[in-house]
Amino acid sequence: MRALPWLATAIGFTVIGVVGTLLVVRLTTAPPAPMVGPAPTLISGPPAPAPADAGDTELLIPPDVVARAGLKTATVGGADVGVAITIPGTVMPNAYHEVKVTPIVGGILTKIHVELGASVPRGAPLATIFSSELADAQTRYLSMRAMLEADHKKLQRTERLVAIGAASRQELEEVTAVHTGHETEVASARQRLLLLGLSQQEVNGLTDPSKVVSQIVVPAPIGGVVTARSANPGQVVTMGQELFLVTDLGTVWLVGDLYEQDFAAVRVGSGATVTTAGSEFRGRVSYIDPRVDPQTRTAKVRVEVPNPGGRLRLGMYVNMVFAGAGGQRQVVVPRAAVQSMGDQSVVFLPVAGEEGKFLRRKVRLGPASGDSYVVLEGLQAGDTVVTDGSFLLRAEAARSGS
């Protein structure tokens, strides 16, 4: 009887073990329960960026700030705008107003009268040359004149002898032939002195050896600027050797490369606007090269412009703008309305009925036309944009990060 409680306890533990075993077997063999909600998504790599907002950006400005800024607006309109052609160019001298100064007699340079870059009037002395050749030419001229005078006296005597029968006609003809030959030689020697640079007065005053000069002055052939100099005192020079280059800079040439597709729009006589360093010049096309460079497919175009005060210096780079033929209707916006933010051009449009609220809009611009820009994208005729004070809106947009 005392063993019955222990027996009952053992039977109870056995029943509990069997029941637990049956439950474990049933749970492991049962089908999986259906999932509730969406299945999870596997992410590989970094998450994709959110799409950028391509629309206008709102900007709120306090009304008192707007009142103090004195903002002004304008309505975007259309205009007939010609297609402008812009090419780079280089300032070059007018080749028709540029002279190389060369001596017409050889010798030794004894004095240089001008420095490089000096402005000289026409006829001003540039250099002095000591020339034995010039002295020899004058001596020969005097000798020829002396012989001519002697022949002239002999001819007169022969004519008198023939008149009285003391000389034959043949003797008179021989003396006359010699006299004529000496006249020709004197005229040739005189002309050579003129070619060597002596004036008519100097040649007429050459009556005896004491009047012979051995120095000659090289004058400036035109008025202008000495743009090159290769002469120095003591230098031996020959006839025709270049000593100076004198250039009249009253007008200059601007030379650029015109592309093949623009040949029909630019012609000789077309107007051109030249800009450089804040200055603007106007001229006309004076020449277009008939040859096309086979490598660049361009032709040289030349514009001649006046150069008051020498503001255009040789070798400067300029922009040449040609107004293309014809025109087409384009949307234009005032320059004052366009602001730059980073690499974008933007304008600000006031929102109707909401004071202090503006829309910042990105625009794509074409070439400038006077005080306006051609609008390729972003605006249409009739839109209202802020002009005066738009820089304030740009500053506020940059400050607020809008």
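1. Which helix does K153 lie in? K153 sits in helix α3, residues 132-164 (helices are DSSP runs of H or I with at least four residues, strands are runs of E with at least two, both numbered from the N terminus). A quick word on ground rules: this is a predicted model, where local features need pLDDT of at least 70 and side-chain atom pairs count only at pLDDT 80 or more, while totals for chains, interfaces and linings use all residues. Residues are numbered from 1 along each chain as its sequence is written, and side-chain values use heavy atoms, with hydrogens and water left out.

2. Patches take residues with over 30% relative accessible area and no salt bridge, joining like charges within 9 Å and nonpolar side chains (Val, Leu, Ile, Met, Phe, Trp, Tyr) within 5 Å. K153 counts as exposed because its relative accessibility is 52% (buried is under 20%, exposed over 50%, partly exposed in between, with a 1.4 Å probe and protein chains only).

3. There's a nonpolar surface patch too, made of I108, F130 and V236, with about 260 Å² of accessible area together (Shrake-Rupley method, 1.4 Å probe). I108 belongs to strand β6, residues 107-112, and counts as partly exposed at 37% relative accessibility.

4. On to the salt bridges. The whole structure holds 13 of them, each being a side-chain nitrogen of Lys or Arg within 4 Å of a carboxyl oxygen of Asp or Glu. One of them pairs K357 with E58, closest N and O atoms 3.3 Å apart. K357 is in strand β21 (residues 357-369) and E58 in strand β1 (residues 57-60), so this pair ties together parts 299 residues apart in sequence. K357 counts as buried at 16% relative accessibility, and E58 as partly exposed at 49%.

5. E115 and R229 also meet in a salt bridge, 3.2 Å from N to O. E115 lies in the loop between β6 and β7 (119-120) and R229 in strand β10 (residues 224-229), so the pair links parts 114 residues apart in sequence. E115 is exposed at 55%; R229 is partly exposed at 27%.

6. Finally, have a look at R361 and D383, whose side chains form a salt bridge (3.7 Å, N to O). Salt bridges that share partners join D56, R361 and D383 into one network. D383 counts as buried, at 16% relative accessibility.
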